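Biologist: I would like to go through this model and ask what lies behind some of the words used for it. Please show it first.

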Protein chains: 2
Amino acid sequence: MDLFKKSWFTEVYDMSPGMCLSIEIDKVLHHEVTKYQDILLLETKNCGRALVLDGIIQCTEFDEFSYQEMISFLPLCCHPDPKKVLIVGGGDGGVAREVVKHPSVELVDQVEIDGRVIDLCKEYLPSMAVGFTHPKLKLHVADGFAFVRNRLHNYDVIITDSSDPVGPAVPLFQLEYFQLLRNALKPGGIICSQASNPWSKTKEYADVYKICKQLFPSVGFAYTSVPTYPNGIIGFALGSLNKQTNFKEPIGVFKEEELSSMKMKYYNEDVHQAAFSLPNFIRQALKES
Amino acid sequence: MDLFKKSWFTEVYDMSPGMCLSIEIDKVLHHEVTKYQDILLLETKNCGRALVLDGIIQCTEFDEFSYQEMISFLPLCCHPDPKKVLIVGGGDGGVAREVVKHPSVELVDQVEIDGRVIDLCKEYLPSMAVGFTHPKLKLHVADGFAFVRNRLHNYDVIITDSSDPVGPAVPLFQLEYFQLLRNALKPGGIICSQASNPWSKTKEYADVYKICKQLFPSVGFAYTSVPTYPNGIIGFALGSLNKQTNFKEPIGVFKEEELSSMKMKYYNEDVHQAAFSLPNFIRQALKES
């Protein structure tokens with residue numbers, strides 16, 4: 001299939017079998033194949049600029065804020081004092097942009113395997129890559145798996161902003177990786193990972209839940225609406241070493257004026273609580289996992 | 001563009017400009033043009049059967065339950081005793097299937113303009129059209145607008161399950177129609193209409209809010225995740241003649257066993273509350289409307 005036919009980019013993807021999203025494009029800004037992946041930067045007609053890795057849309061300027069704000073503030077607002085944060089992946093810079101906004105955060109380590117993604121996002125997606133310029137952030141171009149292995153009891157919050165559980169990112173959805181994350185947390189620490197698509201990949205979503213339940217005394221499963229992701233949705237898996245953590249009730253609550261001055265376009269206390277409210281078919285899948 | 005190229009049906013649609021969804025199909029079950037619209041029934045590869053009107057996906061067996069359950073139970077569960085219900089549109093029968101489940105409901109009038117949609121859904125979509133067989137239901141093949149005009153102070157709940165605010169359905173999103181709905185309600189009555197796509201059509205969503213605010217002492221705005229709708233989401237506008245109605249807090253709460261025996265795959269008290277939790281960019285649009 002000609003993926004660029006008539007200026008539409010089409011994502012054909014196993015994450016939503018039998019369904020695919022197409023985005024109208026004005027221009028291919030850049031295309032390059034690195035040691036790790038195929039990188040494509042697009043100027044779209046109605047979704048701003050988009051980053052595509054191995055043919056899969058990672059983010060568009062139209063809707064990225066939902067994902068970036070939620071994967072960052074769901075865990076940050078459930079920790080009483082998140083001073084030190086690790087971001088695994090997140091080469092576009094959007095998660096870093098959000099994490100540094102939290103007033104408690106003092107230091108953010110970020111480990112991204114592909115330096116070219118970072119360079120290209122700095123060039124073509126400055127609205128996200130602005131995250132890389134913050135003085136709280138220390139950027140490491142390295143393998144996340146190896147990096148986490150060597151950071152024992154180091155972080156209050158660890159966010160895994162990876163691609164989906166197909167191909168190279170599969171290990172980031174497996175038990176061993178979550179064990180490493182747990183070991184890299186300080187007492188009471190919290191992890192948050194993207195957890196696949198709860199509609200078409202309900203079983204995969206439930207599998208991550210099963211792993212988290214094995215490793216963390218408190219777990220939370222959430223999702224948010226992101227139109228350019230498969231099925232228009234993405235799941236999040238959260239785990240806390242503090243068994244008192246109730247993920248649905250944020251500890252850190254920001255007032256409307258604070259959210260506004262932090263330029264939060266999506267996150268607020270209401271959507272935090274709502275993100276953990278699961279439909280019956282998802283509840284059922286988690287119960288059976 | 002050949003919409004059936006390589007067995008994919010593609011929806012090119014102004015409701016999510018610059019984005020379009022394609023669904024892999026096994027077979028065209030039926031295609032017919034009536035006085036009102038182009039009707040297409042598809043056997044898809046992974047989404048079960050689908051109803052398409054004028055090129056727009058109305059429902060697929062994969063995800064229809066989210067929409068049908070939510071548009072029905074959000075208003076029903078906010079009314080203390082919803083005995084008499086009107087459904088405008090809803091030719092596939094899915095909303096009727098849900099509404100008759102509610103134990104308070106005694107009588108349901110449904111008015112659908114196109115009798116052929118009903119016939120074809122009975123033939124090809126029995127999982128939805130089962131709603132038409134219930135003894136509580138009285139089906140009228142007529143124009144919804146005219147029907148509502150003649151029913152003063154008649155209903156506890158009115159649900160408008162229409163197509164989107166483009167073409168023939170535009171009047172169902174305008175002031176005059178909402179005035180008719182208000183007049184057709186009994187004291188304390190509640191309306192619920194689908195209200196467009198809050199991501200790409202934020203302004204249109206806010207416009208419906210503005211109309212509801214003019215007419216009802218209590219209003220609620222909600223949304224739910226439906227993967228095969230534009231942007232994977234659909235909005236709902238609710239209005240109540242009872243100024244005490246707090247849409248976010250359902251009055252009628254069903255226990256888990258009740259929901260299970262009612263075969264509810266999506267709706268529960270948590271998702272009810274969550275549906276009214278709006279992201280900041282939508283809150284802002286409603287405020288400015």
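Modeller: Buried means under 20% relative accessible area, exposed over 50%, and partly exposed in between. Keep in mind that this is a predicted model.

Biologist: Why is A:Lys201 called buried?

Modeller: The relative accessible area of A:Lys201 is 10%. The cut-off for buried is under 20%, so A:Lys201 counts as buried.

Biologist: What makes A:Asp14 and A:Lys201 a salt bridge?

Modeller: A salt bridge needs a side-chain nitrogen of Lys or Arg within 4 Å of a carboxyl oxygen of Asp or Glu. In A:Asp14 and A:Lys201 the closest N and O atoms are 3.2 Å apart, so the pair qualifies. The two residues are 187 apart and link distant parts of the chain. A:Asp14 is in the loop between strand 1 and strand 2 of chain A, and A:Lys201 is in the loop between strand 10 and helix 7.

Biologist: Why is A:Asp14 called partly exposed?

Modeller: Its relative accessible area is 44%.

Biologist: Which salt bridge crosses between chains, and from where to where?

Modeller: B:Asp270 and A:Arg283 meet in a salt bridge at 3.2 Å, N to O. The pair runs from helix 9 of chain B to helix 10 of chain A. B:Asp270, at 23%, is partly exposed, and A:Arg283, at 30%, is partly exposed as well.

Biologist: Which residues of helix 10 of chain A are buried, and what do they pack against?

Modeller: A:Asn280, A:Phe281, A:Ile282, A:Ala285 and A:Leu286 are buried. The buried residues of this helix pack against helix 7 and strand 11 of chain A, together with helix 1 and helix 8 of chain B.

Biologist: Where does UniProt place the feature "active site", and is that residue buried or exposed?

Modeller: The unreviewed UniProt entry places it at A:Asp161, which is found in strand 9 of chain A. A:Asp161 has a relative accessible area of 8%; the cut-off is under 20%, so A:Asp161 is buried. Beyond its neighbours within four places in sequence, its contacts include A:Tyr67, A:Gln68 and A:Asp92.

Notes: Residues are numbered from 1 along each chain as its sequence is written. Chains are lettered from A and ligands numbered from 1 in the order in which they are written. This is a predicted model: local features need pLDDT of at least 70, side-chain atom pairs count only at pLDDT 80 or more; totals for chains, interfaces and linings use all residues. Side-chain values use heavy atoms; hydrogens and water are left out. Buried means under 20% relative accessible area, exposed over 50%, partly exposed in between (1.4 Å probe, protein chains only). Helices (H or I, at least four residues) and strands (E, at least two) are DSSP runs, numbered from the N terminus. Contact means heavy atoms within 4.5 Å. UniProt positions are given in the numbering used here, feature names are shortened, and annotations may be inferred rather than shown by experiment.
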